[in-house]
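Here is my note for your review. Please read it with the structure open.

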Amino acid sequence: METPEPEIPRRQLLPYLGIFVVAPILTYVVGRWLDGLLTLPAFPPFPANLVVGFAVFYAGLSIGIRATKVLYREGHGLPWGELRRGAQSRRLVVTGPYAYTRNPMILGYSLLPCGMGFMFRSPGMFTVIPFAVALINIVIVKIREEPGLV
């Protein structure tokens with residue numbers, strides 16, 4: 001018998017969607033601040049910044065969304081399963097992007113600020129911010145998620 005897919009209450013989607021509003025604004029503000037603080041030059045040159053930036057941003061968004069969909073479809077869970085018991089994955093997912101990387105959501109969503117940094121020609125955005133995002137996510141996964149998965 002197949003496990004039913006978790007229901008997603010609308011109030012749970014608002015904080016998740018906030019990530020796509022608050023995080024880009026913080027990325028921009030902090031990245032520009034770092035550029036000024038470290039007197040970093042605008043790089044890469046126009047129009048390469050748009051081509052490279054869009055490609056990296058799109059790749060990150062695609063990986064993140066695909067990983068979320070596969071987790072939902074195959075694992076019957078949601079990315080915020082640690083926060084809500086009913087949304088926890090019920091199966092180990094090893095297909096799709098999970099066949100290639102341990103946590104494709106961290107990979108995908110770490111590429112988003114990198115793509116933004118290229119688009120806005122901000123070295124601070126495409127170097128420091130993605131590293132910080134990946135580091136924070138890895139710490140959260142190690143402390144919150146992995147003990148329960150063992």
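Predicted model: local features only at pLDDT ≥ 70, side-chain atom pairs only at ≥ 80, totals over all residues.

The points below cover a helix, salt bridges, a surface patch and aromatic pairs.

1. Helix α2. This helix covers residues 48–75, 28 residues in total. From its first C-alpha to its last, α2 reaches 39 Å. That is close to the 40 Å expected at 1.5 Å a residue. Several of its residues are buried, among them Asn49, Gly53, Gly60, Gly64 and Gly75. Val56, Ala67, Thr68, Val70 and Leu71 are buried as well. Just after α2, His76 takes a positive phi of about 55°.

2. Salt bridges. The count comes to 2 salt bridges. One joins Arg32 to Asp35, with the closest N and O atoms 4.0 Å apart. The cut-off is 4 Å. Both residues lie in helix α1 (residues 10–37), 3 residues apart, about one turn of the helix. How exposed or buried are the partners? Arg32 counts as partly exposed because its relative accessibility is 34%. Asp35 is buried, with a relative accessible area of 8%.

3. Arg73 and Glu74. These residues form a salt bridge, the closest N and O atoms being 3.5 Å apart. Glu74 has 32% relative accessibility, so it counts as partly exposed. Arg73 has 42%, so it also counts as partly exposed.

4. Nonpolar patch. A nonpolar surface patch of about 1,100 Å² deserves a look. Its residues include Val21, Val22, Ile25, Leu26, Tyr28, Val29, Val30 and Trp33. Leu37, Leu38, Leu40 and Phe120 also belong to the patch. Tyr28 sits in helix α1. Tyr28 counts as partly exposed, at 34% relative accessibility.

5. Aromatic pairs. The count comes to 4 aromatic pairs. One is formed by Phe43 and Phe126 and is tilted: 6.5 Å centre to centre, 50° between the planes. This pair links distant parts of the chain, 83 residues apart. Phe43 is in the loop between α1 and α2, while Phe126 is in helix α4 (residues 123–149). Phe43 is partly exposed, with a relative accessible area of 45%. Phe126 is buried, at 15%.

6. Phe54 and Tyr58. This aromatic pair is stacked, at 6.0 Å centre to centre and 20° between the planes. Both residues lie in helix α2, 4 residues apart, about one turn of the helix. Phe54 counts as exposed because its relative accessibility is 51%, and exposed means over 50%.

7. Aromatic cluster. Which residues form one aromatic cluster? They are Phe43, Phe118 and Phe126.

Methods. Residues numbered from 1 in each chain as written. Heavy atoms only, no water. Helix = DSSP H or I, 4+ residues; strand = E, 2+ residues; numbered from the N terminus. Expected span 1.5 Å × (residues − 1). Buried < 20%, exposed > 50% of the residue type's maximum accessible area, 1.4 Å probe, protein only. Salt bridge = Lys/Arg side-chain N within 4 Å of Asp/Glu carboxyl O. Patch = residues over 30% accessible without salt bridge, like charges linked within 9 Å, V, L, I, M, F, W, Y side chains within 5 Å. Areas by Shrake-Rupley, 256 points an atom, 1.4 Å probe, with all protein chains shown as cover. Phe/Tyr/Trp six-rings, centres within 6.5 Å; stacked < 30°, edge-to-face > 60°.
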